[in-house]
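Please work through the exercises below with the sequence and the structure at hand. Each task is followed by a solution in steps.

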Amino acid sequence: MKTPLQTPARLYSDERLRELADGSWLKPFRQQHPLAITLPAAAANVHLRGAIDMHVHADPCMLATRSQDFTDVAITAAHAGMRAVVRKDHFQSTVGEAYAVQRHIDDLVARGALPHRIEVYGGIPVGSLDIVPMQRALRFSTFKMIWLNSVSGERLVEGGRLRPEAERIIALAAEHRRGLNVGAPNHSAQQYQGIGDYEGLAPVVEKIKKSGALAVLDHPLSSLTIDEIANLVGDGVYAGLFCHPSLPSVAKGAVADPLRTLELVQRVGAGQCIIASDVGMVLEPTQLEAMRLMVRLLLVLGFGAEEIDAMLKDNPARLLGLESSRPAEGRRPMTFAEVAR
Ligand SMILES: [Zn+2]
């Protein structure tokens with residue numbers, strides 16, 4: 001007999017769901033957050049200069065059709081003055097692709113066809129818990145992220161404990177300063193039968209903290225309560241504030257309460273959060289528009305420039321091991337040898 005899935009934590013009360021559905025939440029929200037009506041459209045642009053998006057989806061994507069490919073994302077983000085983009089794919093390494101896109105960007109900059117350089121990075125999804133592709137990719141500086149619990153990946157925990165293969169991957173991330181993206185177990189629901197998202201994440205996060213690796217929880221607002229997220233973040237583990245579920249999405253979830261985003265950042269602090277787009281399906285905004293909407297939302301919710309820049313620039317730079325290098329703007333293009341380092 002199949003073990004039933006654990007009932008997910010209740011994220012919304014029935015009353016709040018009704019308010020969100022019938023629009024009655026809007027008037028009090030606008031009264032409390034008048035910038036929802038008056039914020040200048042360009043207010044987000046200054047924050048995008050120097051911003052890092054550590055969770056980009058784009059073609060060639062092995063999961064779903066995307067509205068842009070990664071080259072288009074990188075060029076558009078470079079025009080907006082962004083510092084870096086990192087593409088995630090659930091089923092393939094994006095390290096080699098990032099290498100090639102970086103070469104193209106640098107060529108455009110060298111020829112004067114692009115006004116700003118942008119750093120282009122990739123990562124490797126953990127599907128089969130095979131560490132060998134990660135060991136082999138270590139010589140590339142475009143390898144920046146390891147994506148744990150990618151769609152349909154093997155589970156990381158067994159009997160409440162981390163599997164040894166997963167421990168070794170976390171140790172590699174700690175030793176070689178690669179960021180970890182910790183997806184919710186519901187990405188691999190078949191493998192995690194009977195294990196809830198919090199239960200499946202807690203041993204992983206505990207090990208990450210002990211090992212000294214740095215990690216971001218993949219849109220935890222979609223499956224965890226604020227209390228649960230607050231228990232997991234800290235000591236180098238950030239909460240990912242991604243477009244979904246901070247904003248409603250026809251592609252992923254039509255219900256999104258902006259007050260949960262407000263509550264989370266107030267609870268754990270901007271120093272523990274990272275903003276990223278995590279969009280690109282055809283019914284979603286483009287990568288840059290998603291980043292713009294996220295910044296506008298945080299401005300409307302009342303967060304200040306320093307808090308927003310911490311979530312957009314400082315924290316992701318630390319996650320990716322970029323904090324000691326200077327931002328891309330004004331830098332000369334990298335040589336072939338430097339890209340291949
Ligand atoms: Zn994603």
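This is a predicted model: local features need pLDDT of at least 70, side-chain atom pairs count only at pLDDT 80 or more; totals for chains, interfaces and linings use all residues.

Residues are numbered from 1 along each chain as its sequence is written.

**Exercise 1. The whole chain**

Describe the secondary structure, the extent and the burial of the protein chain.

Solution. 
- Step 1. The protein chain has 15 helices and ten strands; helices (H or I, at least four residues) and strands (E, at least two) are DSSP runs, numbered from the N terminus.
- Step 2. Along its principal axes, the C-alpha trace spans about 60 × 55 × 35 Å.
- Step 3. Of the 341 residues, 44% are buried. A residue is buried if 20 or more other C-beta atoms lie within 10 Å of its own, exposed if 12 or fewer, and partly exposed in between, with C-beta atoms placed from the backbone.
- Step 4. Among contacts between residues at least 6 apart in sequence, 76% join residues at least 24 apart. Two residues are in contact if their C-beta atoms, placed from the backbone, lie within 7 Å.

**Exercise 2. Two helix pairs**

Two packed helices are described by the angle between their axes and the distance between the axes. Determine how α5 and α6 cross, and then how α8 and α9 cross.

Solution. 
- Step 1. The axes of α5 (residues 70-79) and α6 (residues 95-110) come within 10 Å and cross at roughly 45 degrees. That angle makes α5 oblique to α6. Axes are lines fitted to C-alpha atoms, for helices over the stretch in contact, and angles run from 0 to 180 degrees between N-to-C directions. Angles under 35 degrees count as roughly parallel, over 145 as roughly antiparallel, 65 to 115 as roughly perpendicular and the rest as oblique.
- Step 2. The crossing of α5 and α6 is right-handed. A crossing is right-handed if the near helix is turned clockwise from the far one by less than a right angle, and left-handed if anticlockwise.
- Step 3. From α5, the residues F70, T71, A74 and A78 meet E97, V101, H104 and I105 of α6. This contact comprises five nonpolar, two polar and one charged residue. Here Ala, Val, Leu, Ile, Met, Phe, Trp, Tyr, Cys and Pro count as nonpolar, Asp, Glu, Lys and Arg as charged, and the others, Gly among them, as polar.
- Step 4. For α8 (residues 164-176) and α9 (residues 197-211), the axes come within 10 Å and cross at roughly 35 degrees. The crossing of α8 and α9 is right-handed.
- Step 5. Helix α8 contributes A166, E167, I170, A171 and A174, and helix α9 contributes V204, K207, I208 and S211. The residues of this contact are six nonpolar, one polar and two charged.

**Exercise 3. Buried or partly exposed?**

Classify V205, I274 and A36.

Solution. 
- Step 1. V205 lies in helix α9 and is buried because 22 C-beta neighbours lie inside 10 Å. Beyond residues up to four places away in sequence, V205 touches V182, L232 and V237.
- Step 2. I274 belongs to strand β10 (residues 273-276) and is buried, with 28 other C-beta atoms within 10 Å.
- Step 3. A36 sits in helix α3 (residues 35-38) and counts as partly exposed, with 17 C-beta neighbours inside 10 Å. Leaving aside neighbours within four places in sequence, A36 is in contact with F29, R30 and V300.

**Exercise 4. Backbone details**

Which geometry does the peptide bond have from D59 to P60, and what is phi of L129?

Solution. 
- Step 1. The bond from D59 to P60 is cis, with omega near 5 degrees; P60 is in the loop between β1 (52-56) and α5.
- Step 2. L129 has phi near 65 degrees, a positive value in a residue other than glycine. L129 is in the loop between β3 (119-125) and α7 (132-137).
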